[in-house]
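Reader: I have a structure open and would like to go through it with you. Can we start with the terms and then get to the residues?

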Amino acid sequence: MKHTFLLSGLLLMTSCSSIEISNVEVQPYHGDHKAAISFTFDDGMLCHYTDIAPELEKRDMKGTFWIIGSNMDTESPDYAWMTWQQVADLAQRGHEISNHSWHHPDLTQLSEDSLRWEIAYNDSVLESVTGRRPRTFCYPYNAMSDLVIKVASEGRVGTRTYQAAHGQVESHQTAETLTQWLDEVIAQGQWGVTMTHGTTYGWDMWNDPQVLYAFFDQVNTVRDQVWVATFEEVAAYTSEAKDVTISDIKSGTKASFIPSLQSLSPDLFDQYLTFCVNGEFGDATYTAIQDGISLPVCNLGNRLLIDALPNGKEVVICK
């Protein structure tokens, strides 16, 4: 009995040992990734549904599909468009469905009333189809002005203001140029945003779509370095990472810190951030809780990676 008591006491002392935190930082991208890529597809073409989405899903990737509302459920001699049911199906499968305006006009040439209608009406239809209001926007013809950006950004986590054109007829992409682009994204720690239209028809189509799918395979091999996520997810993450502050860092048997957004609304910006908690943590198992919810924790020895919301609620760490 005496030995049992001593052993129990030792276990109690171990479980109550202090957790020492030197500082807490935000990772530039989710997890331990060096860079991020969002695959985005313009216009709502049928090949996005029949070809691209299945190819992404084979590799456990999700894309962002920018929808021109007036083209859905219509027929054209030159283009095949998705149906609204197909748009809804993509959303149900976890892809991002977002706003590319209702008619695809040059928004810089419209009055403010017409500009707002083009965006708001497409939002309302997309929300009725998918059950969720778009949180991002893609500019038709990539045409922007200060007013267009201001209006399009209202109530959103981000808009596509830059992109890398991935096609063959206009952009002349090859396996070699795509590899070079990927290497640069990783080396420079960038968020790479692609712009693809049709696979075998449409603007900047692919003469050989297998080049694109092989590139998906290539990106899939570096998923340990590259976070592949929708435009909304990365836009929200990077904005939150710039805006968040970390306060009340405490060490002890229960360590803790409080992340808070300074200017962004947590009702809109609700993407989990990866917080890097620096210290010496050995090989023990740690848990973290925020507002009664268990959080993912990865122990890398000299740092803990914890996914938490930047909503002003305390993150408590236990061993």
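Author: Start with burial: buried means under 20% relative accessible area, exposed over 50%, and partly exposed in between, with a 1.4 Å probe and protein chains only. This is a predicted model, so local features need pLDDT of at least 70 and side-chain atom pairs count only at pLDDT 80 or more, while totals for chains, interfaces and linings use all residues. Residues are numbered from 1 along each chain as its sequence is written, and side-chain values use heavy atoms, with hydrogens and water left out.

Reader: Is E232 buried or exposed?

Author: E232 counts as buried, at 14% relative accessibility.

Reader: What does E232 form a salt bridge with?

Author: R132, with the closest N and O atoms 2.8 Å apart. A salt bridge here is a side-chain nitrogen of Lys or Arg within 4 Å of a carboxyl oxygen of Asp or Glu.

Reader: Where do R132 and E232 lie?

Author: R132 is in the loop between α4 and β5, and E232 is in helix α8 (residues 231-243), so the pair ties together parts that are 100 residues apart in sequence. Helices (H or I, at least four residues) and strands (E, at least two) are DSSP runs, numbered from the N terminus. R132 itself is partly exposed, with a relative accessible area of 39%.

Reader: How many salt bridges by that rule?

Author: The count comes to 15. One of them joins the side chains of D32 and R303 at 3.1 Å, N to O. D32 sits in the loop between β1 (21-26) and β2 (35-43) and R303 in strand β16 (residues 303-308), so this pair links parts 271 residues apart in sequence.

Reader: And which residues are linked in a network?

Author: E55, K58, R59 and D217 are linked by salt bridges in a network.

Reader: What about K313, which residue does it pair with?

Author: D291, with the closest N and O atoms 3.4 Å apart. D291 is exposed at 55% relative accessible area, and K313 is partly exposed at 36%.

Reader: Back to α4. How many residues has it, and how far does it reach?

Author: Helix α4 (residues 112-130) has 19 residues and reaches 27 Å from its first C-alpha to its last, close to the expected 27 Å. The expected span is 1.5 Å times one less than the number of residues. Just after α4, G131 takes a positive phi of about 85°.

Reader: Which residues of α4 are buried, and what do they pack against?

Author: The buried ones are L115, E118, I119, N122, D123, V125 and L126. They pack against β3 (64-67), α3 (84-92), β4 (96-99), β5 (136-138) and α5 (146-153).

Reader: Switching to T196. Where is it, and is it buried or exposed?

Author: T196 is in strand β8 (residues 191-196). T196 counts as buried, at 1% relative accessibility. Its side chain reaches the backbone oxygen of H166 at 3.3 Å.

Reader: Which residues is T196 in contact with, leaving aside its neighbours within four places in sequence?

Author: T40, F41, D42, H48, H166, W206 and L212. Contact means heavy atoms within 4.5 Å.

Reader: Last topic, the largest pocket. Which residues lie nearest its centre?

Author: G94, E96, T230, E232 and E233, out of 27 lining residues. On a 1 Å grid over the protein atoms alone, a pocket is an open set of points where a 1.4 Å probe fits, with protein on both sides within 12 Å along at least five of seven lines; lining residues have an atom within 4 Å of a point.

Reader: Which elements supply at least two residues of the lining each?

Author: β4, β9 (226-228) and α8.

Conventions
A polar contact is a pair of N or O atoms within 3.5 Å; within protein, one must be able to donate a hydrogen and the other to accept it, and residues adjacent in sequence count only if both atoms are side-chain atoms.
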